[in-house]
Amino acid sequence: MKLPVFLDHHSTTPVDPRVLEAMLPFFTEKFGNAASRTHAFGWQAEEAVETARLQVASLIKAHPQEIVFTSGATEANNLALLGAARERKTGHIIASQVEHSSVLETCGYLETQGFRVTYLSVDTLGRINLEELEGAIGKDTFMISVLSANNEIGTRQPVSEIGKIAKKHGIYFHTDAAQSVGLIEHDVNAEGIDLLSLSAHKIYGPKGVGALYVRRRSPRVSLEPQTHGGRHERGIRSGTLNVPGIIGLGEAAQLCLESRRVESARIGELRDELQARVLAGLTQVQVNGDLSNRLPNNLSLSFAFLESGSILSAMRDIAASSGSACASAQAEPSHVLKAIKLSEPFARGTIRLGLGRFTTLEEVELTAHCIQEAVQKLREESQTWKFAQTDLRSNL
């Protein structure tokens with residue numbers, strides 16, 4: 001077995017060899033600019049980009065002309081929120097407390113510009129309350145932004161129900177689906193989604209490319225461009241297109257469309273096996289998130305009276321994380337763990353494991369063993385753990 005074992009697929013995924021194979025010609029042989037309309041090199045690049053646009057659209061059951069290519073989901077989230085807000089000039093946005101930082105920080109910026117933002121609370125499983133959502137809607141509300149599945153604890157939100165509420169009130173519904181599109185079926189029309197963000201490197205494509213779905217009718221979503229010069233992507237997002245990256249995103253989307261159902265089932269079985277093995281050998285462990293409705297590749301575990309950094313350091317052969325890659329340097333429990341009101345002794349000892357397309361049962365078995373070994377050793381050395389056990393026994 002090749003070490004270390006990579007179980008951090010929420011942060012990124014390896015490029016699938018089939019994706020790389022599709023991309024390679026567009027670095028050398030087919031290197032044209034897709035905006036060059038006067039010669040064969042440009043025509044060839046443009047044709048390939050439009051094929052990729054169709055592939056991405058098919059993944060979420062959209063029309064190809066509703067796909068706007070970006071540098072990733074972070075830019076797509078910014079374009080959706082800032083573009084709609086600046087088009088509107090004033091008003092109210094509703095988001096959840098457990099959004100990705102690229103949504104929360106953009107909302108925070110808009111608050112400094114005079115916009116009003118309501119941050120919906122979540123329950124202990126990470127789910128929003130639909131009654132709270134509808135009750136927060138005011139006359140000036142123009143957007144709801146709720147991610148489809150959480151990148152830390154895996155909890156899926158009731159996307160279709162949110163879409164119905166948005167349509168009832170004539171409000172845009174944006175969802176950050178970067179974590180879910182490769183594993184869960186999305187139908188933007190059936191789910192009432194008006195704007196959807198995704199990223200190639202979460203679905204076995206290259207880094208540095210993503211897309212924003214922008215509904216073009218019923219309603220037609222209007223966004224103010226955030227970059228200017230060239231009027232690429234129907235004038236919504238200017239800049240020379242990353243042709244090789246877009247080809248990679250398209251191929252990755254196509255592969256997900258073809259194998260998503262079978263692949264998600266296999267990964268879910270491996271995740272359940274990993275969870276069972278860890279829980280069988282340890283006490284004072286909590287599994288976070290909605291266990292009946294979460295991403296099939298997600299396993300968020302909290303170990304009482306330990307520090308996540310110490311656990312990860314002790315698991316030298318396992319590549320995992322304490323939470324979102326965008327906040328991995330923070331020592332404090334993440335905003336997601338605080339939002340679900342995870343108690344301090346557990347929150348500080350939280351690790352996130354993300355399984356993927358190439359994860360094997362052998363890797364799962366090794367990971368479970370490494371986690372048990374690391375936690376047991378750290379607890380043997382921890383005075384805090386020993387005091388906690390003494391207190392527990394004295395209260396029995």
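Predicted model: local features only at pLDDT ≥ 70, side-chain atom pairs only at ≥ 80, totals over all residues.
Seven strands make up an open sheet with mixed pairing, and their order across it is S2-S8-S7-S6-S5-S3-S4. Its edges are formed by strand S2 (67–70) and strand S4 (116–120), each of which pairs on one side only. From one strand to the next, the twist averages 20°.

One pairing can be followed down to its residues. Strand S7 (residues 195–199) and strand S8 (residues 210–214) run antiparallel and are joined by 5 bridges. Within this pairing, leucine 198 has alanine 211 of S8 standing opposite.

Helix H3 (residues 73–88) lies across S2, S3 (92–96), S5 (141–145), S6 (172–176), S7 and S8, and the angle between H3 and S5 is about 170°. Helix H4 (residues 101–112) also packs on the sheet, where it touches S3, S4, S5 and S6. The direction of H4 makes about 145° with that of S4.

The relative accessible area of leucine 20 is 41%. Because patch residues must have over 30% relative accessible area, leucine 20 qualifies on this count while being partly exposed.

How values were computed:
Residues numbered from 1 in each chain as written. Heavy atoms only, no water. Pairing = 2+ DSSP bridges. Helix = DSSP H or I, 4+ residues; strand = E, 2+ residues; numbered from the N terminus. Axes fitted to C-alpha atoms, helices over the stretch in contact; angles between N-to-C directions. Contact = heavy atoms within 4.5 Å. Buried < 20%, exposed > 50% of the residue type's maximum accessible area, 1.4 Å probe, protein only.
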